[in-house]
Amino acid sequence: MLGLIHESNFQNKGVSKVSKTKSGVVSGRSAWGLVWFRFKKNKLAMCGLFMLAIMMLAILLAPLYVDYDLVYKQRIVDKFQAPGAEHIFGTDQFGRDLFARIIYGGRISLFVGLAVVGISFVTGCALGGIAGYFGGVVDQVIMRIVDMFMAVPAILLSMAVVAALGNGTDKMLIALSVSQTPRFTRVVRSSIMTLRNQEFVEAAKCCGTSSARIIFKHILPNGIGPVIVSATLTLGQVILSIASLGFLGIGVASPTPEWGTILSENKAYIRYYPYLGLLPGGCIALSVMAINFIGDGLRDALDPRMKN
């Protein structure tokens with residue numbers, strides 16, 4: 001009985017298990033299969049997914065085609081070489097290969113960004129789920145703490161945490177996770193509050209289901225759509241925040257490569273050698289643009305008002 005009620009509610013939210021083909025024949029398709037079907041129809045979203053996949057593969061497979069020693073190897077006689085056959089992206093003021101530094105720097109910019117979103121997502125789901133489900137004093141305490149953190153701009157909060165903990169990738173990971181968790185907590189709480197009084201939740205309570213299981217097995221799966229969209233769009237903001245902290249010199253410390261740090265190292269020479277700014281800046285722009293395309297596609301695919 002519980003399963004039927006749960007499934008019925010899930011379908012009422014617009015994620016139907018069946019869809020019609022062009023010929024009008026109803027074809028079976030799972031809930032997430034229907035989301036993927038809708039997502040594929042968005043050309044910009046698929047383009048963004050393709051761009052992001054290419055960038056991540058290029059970064060992950062970097063040891064197969066780029067020697068890691070080139071990231072730090074200095075050769076002053078080769079400084080400021082324009083992009084060419086020997087150095088695809090040219091060299092910087094120390095003669096270091098810019099292509100190698102950008103490729104390996106993407107590991108921090110992209111994958112630390114993914115880690116930040118993952119940590120913030122899990123923490124936000126836990127806090128928002130507890131606050132939205134139990135309400136009352138628990139909700140008031142959690143949300144007032146969240147409001148205190150949200151009163152400070154995310155980038156300033158990150159800078160304050162980094163200043164307190166010191167430079168380093170791990171410190172930056174903690175700082176950005178702390179600054180992004182309140183946003184997820186708010187989104188999850190709003191989703192939980194719209195679902196906690198539904199029939200399938202009441203049926204689960206009558207069956208003696210624990211509160212934790214109701215939150216994570218019944219409520220969150222039905223309200224996860226807005227949270228996923230928020231996580232995708234937040235990833236683009238986190239990448240920009242990582243680059244901003246690196247550019248300001250309070251993120252990843254030089255000579256460790258990171259796109260924002262590379263821009264900071266070469267900012268005095270960008271006027272005379274534009275490729276030093278255009279190439280790492282272009283990587284930041286392309287990755288954020290691709291992620292935003294994916295987020296827009298997911299928002300449309302998870303929208304119950306979308307037609308099959």
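Modeller: Happy to! Let's begin with Tyr269, which is partly exposed because its relative accessibility is 30%; here buried means under 20% relative accessible area, exposed means over 50%, and partly exposed lies in between, using a 1.4 Å probe and protein chains only. A word on the ground rules: this is a predicted model, in which local features need pLDDT of at least 70 and side-chain atom pairs count only at pLDDT 80 or more, while totals for chains, interfaces and linings use all residues. Residues are numbered from 1 along each chain as its sequence is written, and side-chain values use heavy atoms, with hydrogens and water left out.

Phe80 has a relative accessible area of 17%, so this residue counts as buried. Together, Phe80, Tyr269, Tyr273 and Tyr275 make up one aromatic cluster.

Across the structure there are 10 aromatic pairs (rings of Phe, Tyr and Trp, the last by its six-membered ring, with centres within 6.5 Å; planes under 30 degrees apart are stacked, over 60 edge-to-face, and the rest tilted). One of them joins Trp36 and Phe39: the planes meet at 20 degrees and the ring centres are 5.8 Å apart, so this pair is stacked. Both residues sit in helix α2 (residues 31-40), and because they are three residues apart, about one helical turn separates them (helices are DSSP runs of H or I, at least four residues, numbered from the N terminus). An α-helix has 3.6 residues a turn, so residues three or four places apart point the same way.

Phe80 belongs to the loop between α4 (62-65) and α5 (98-134), and Tyr269 to the loop between α11 (259-265) and α12 (275-301), so the pair ties together parts that are 189 residues apart in sequence.

Phe247 has Lys267 over its face, 5.5 Å from the ring centre (a charge sits over a ring if NZ of Lys or CZ of Arg is within 6 Å of the ring centre and within 35 degrees of the ring normal).

Definitions and conventions:
Helices (H or I, at least four residues) and strands (E, at least two) are DSSP runs, numbered from the N terminus.
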